[in-house]
Amino acid sequence: MTIGLDIDNVIADLDKALLQEFLKEDKNKRGKGITNKTAEHITQGMFDWTKEEIKVFLDNNLQQITEHLEVVKDAKKYIAKLREEGNKIYLITGRNSRRLKNPKQITKDWLVNNDIDYDKLILTENNIDKSKECIENNVDIMFDDRPMNCILLRKSGIESYLFKTRYNYRYSLNVPMINDWKELYELVRSYSK
């Protein structure tokens, strides 16, 4: 089976790192901390920052943040198990050069530094729709943290599941969700049988 995995918030804990960095930077701004705990995302109204402040912060910091992300709990363990069982692991990410210098190299370095084993790394042209890359690479099942990606994948005939994060669990877009890596692993094994 060929398994497609998004990187950020499926393998790499981007949201956790972003929140930590936003909290640090907020002290240099107005120091109010989180002003909207029910915001859809850190970058969408959680802090009282303007859109321009968020843009400047991401432009200046996303590179460094991305280089030092932690691995999502159990991701490395279950990726290794899936590969041992004969599955192909294709990492399909929307990382781009808008805020990252040489996103492919940064990603490869991060994967090596964190000992993540995979078969193929694919950077998409469009971070909203990964259907083209999944179809071209014969991906059987895809896991992503963005509901819209999952919807578009399903419309293209690719089995896809939303990987639960603290920001996407409220979506009720008829997209099946998995809670963690153990559940992902068990789901893939059930398809294999």
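Buried means under 20% relative accessible area, exposed means over 50%, and partly exposed is in between, using a 1.4 Å probe and protein chains only. By that cut-off, Ala75, Tyr78, Ile79 and Leu82 of helix α4 are buried. Welcome to a short tour of this predicted model, in which local features need pLDDT of at least 70 and side-chain atom pairs count only at pLDDT 80 or more, while totals for chains, interfaces and linings use all residues. Residues are numbered from 1 along each chain as its sequence is written, and side-chain values use heavy atoms, with hydrogens and water left out. Helices (H or I, at least four residues) and strands (E, at least two) are DSSP runs, numbered from the N terminus.

**How α4 packs on α8**

- Two packed helices are described by the angle between their axes and the distance between the axes.
- Helix α4 (residues 75-84) meets helix α8 (residues 181-192) at an angle of about 15°, and their axes are 9 Å apart. The axes are lines fitted to C-alpha atoms, for helices over the stretch in contact, and angles run from 0 to 180 degrees between N-to-C directions.
- On the α4 side, the contact is made by Ala75, Tyr78, Ile79, Lys81 and Leu82, and on the α8 side by Trp181, Lys182, Leu184, Tyr185 and Val188. Contact here means heavy atoms within 4.5 Å.
- Sorted by class, this contact of α4 with α8 has eight nonpolar, two charged and no polar residues. Ala, Val, Leu, Ile, Met, Phe, Trp, Tyr, Cys and Pro count as nonpolar, Asp, Glu, Lys and Arg as charged, and the others, Gly among them, as polar.

**The buried side of α4**

- In α4, the buried residues are Ala75, Tyr78, Ile79 and Leu82. They cover an arc of only 105° around the axis, which puts them on the same side of α4; the arc is that of the directions from the helix axis to the C-beta atoms.
- Their cover includes β1 (2-5), β2 (88-93) and α8.

**Backbone angles to check**

- Most residues other than glycine have a negative phi.
- Asp74 is not a glycine, yet its phi is positive, about 70°. Asp74 sits in the loop between α3 (51-67) and α4 and counts as partly exposed at 31% relative accessibility.
- Asn102, also not a glycine, has a positive phi of about 55°, and its place is the loop between β2 and α5 (103-113).
- Gly86, which follows α4, has a positive phi near 95°.

**Individual residues elsewhere**

- Leu14 belongs to helix α1 (residues 14-28) and is buried at 14% relative accessibility. Not counting residues up to four places away in sequence, Leu14 touches Asp8, Asn9, Leu62, Ile65 and Leu69.
- Leu14 and Lys76 are 62 residues apart in sequence and 16 Å apart in space, C-alpha to C-alpha.
- Asn149, in helix α7 (residues 147-155), is buried at 1% relative accessibility. With residues up to four places away in sequence not counted, Asn149 touches Asn127, Ile128, Asp129, Lys130 and Asp144.
- Asn179, in the loop between β6 (177-178) and α8, is partly exposed, with a relative accessible area of 42%.
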